[in-house]
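Have a look at the picture first, then read on.

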Amino acid sequence: MLQENCYIVSDETGECVIIDCGAQYQQEYKAIEQYISSNNLKVVHLLNTHLHFDHVMGNPFILRTYQLNTMASTRDQYLYENVSGQFRMFMGMNYSEEFPCFIAKDLDEGDTVAFGSHTFRIIATPGHTPGGICFYCAEEGVLFSGDSLFRFSIGRTDLEGGSTSQLIQALSQKVMTLPAQTVVYPGHGPTTTIAEEQMNNPYL
């Protein structure tokens with residue numbers, strides 16, 4: 001309902017990672033399963049840029065189907081423990097899905113996540129949430145920015161744990177300094193590039 005972007009990232013080895021599985025409905029679960037099976041992929045990691053409800057709704061499905069818990073920042077643990085409360089606050093409805101609330105590996109600045117022949121480097125970008133992170137793959141020139149950076153905008157900072165100054169500082173010092181041609185895949189909306197954001201993002 002919130003048009004959140006879930007990414008399945010694979011390479012020539014057939015290994016893949018799932019980033020921000022916000023799937024909520026059976027047809028979304030089926031689409032993910034079909035994409036993975038039709039491409040003969042092996043899911044090795046479930047990753048989250050942060051733990052707001054719209055980015056984790058599909059995590060129980062991933063755990064049931066592929067036996068994987070999320071890798072994310074434990075600074076967002078409090079959000080993971082209150083997914084039903086987040087859902088009620090934002091959507092005005094109760095949500096009965098039981099969440100594992102278990103972070104398989106804490107991810108922080110400078111950590112790496114390997115799959116296939118590729119590696120993501122973790123860039124910590126707190127501000128949208130305390131545990132907000134981005135996944136950067138230098139060899140492919142791509143950044144998965146979650147809700148930290150959008151096309152010509154940044155994530156909202158008016159929710160619990162948010163900080164405008166923290167987010168702008170992290171993005172300015174650590175993300176805007178990436179190569180200009182880096183393609184940015186955000187948590188909502190269209191892709192962008194670092195060059196486009198350097199020229200057009202009013203916050204940066």
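Before we start, a word on names: strands here are DSSP runs of E with at least two residues, numbered from the N terminus. Keep in mind, too, that this is a predicted model.

**A loop residue**

Where is Glu139 found? Look in the loop between strand 8 (133–137) and strand 9 (142–146). Glu139 touches some residues from elsewhere in the sequence: leaving aside its neighbours within four places, its contacts are Ser117, His118 and Thr119. Take His118: it sits 21 residues from Glu139 in sequence, and the C-alpha atoms of the two are 7.9 Å apart in space.

Now find helix 1 and helix 3 (residues 59–66), which pack with their axes 11 Å apart and at an angle of about 45°.

| Helix | Residues in the contact |
|---|---|
| Helix 1 | Tyr29, Ile32, Glu33, Ile36 |
| Helix 3 | Phe61, Arg64, Thr65, Tyr66 |

Sorted by class, the residues of this contact are five nonpolar, one polar and two charged.

**The largest pocket**

Next up is the largest pocket, with a volume of about 290 Å³. How many residues line it? The lining has 19, and Glu4, Gly22, Ala23, Gln24 and Glu28 lie nearest the centre. Strand 1 (7–10), helix 1 (26–38), helix 2 (53–56) and helix 5 (83–91) each supply at least two lining residues. Helix 1 gives the largest share, three residues. By class, the pocket's lining has 13 nonpolar, three polar and three charged residues.

Methods
Residues numbered from 1 in each chain as written. Predicted model: local features only at pLDDT ≥ 70, side-chain atom pairs only at ≥ 80, totals over all residues. Heavy atoms only, no water. 1 Å grid on protein atoms, 1.4 Å probe; cavity = no way out; pocket = protein on both sides within 12 Å on 5 of 7 lines; lining within 4 Å. Points joined across faces, edges and corners; volume = space filled by probe spheres on them. Helix = DSSP H or I, 4+ residues; strand = E, 2+ residues; numbered from the N terminus. Nonpolar A, V, L, I, M, F, W, Y, C, P; charged D, E, K, R; others polar. Axes fitted to C-alpha atoms, helices over the stretch in contact; angles between N-to-C directions. Contact = heavy atoms within 4.5 Å.
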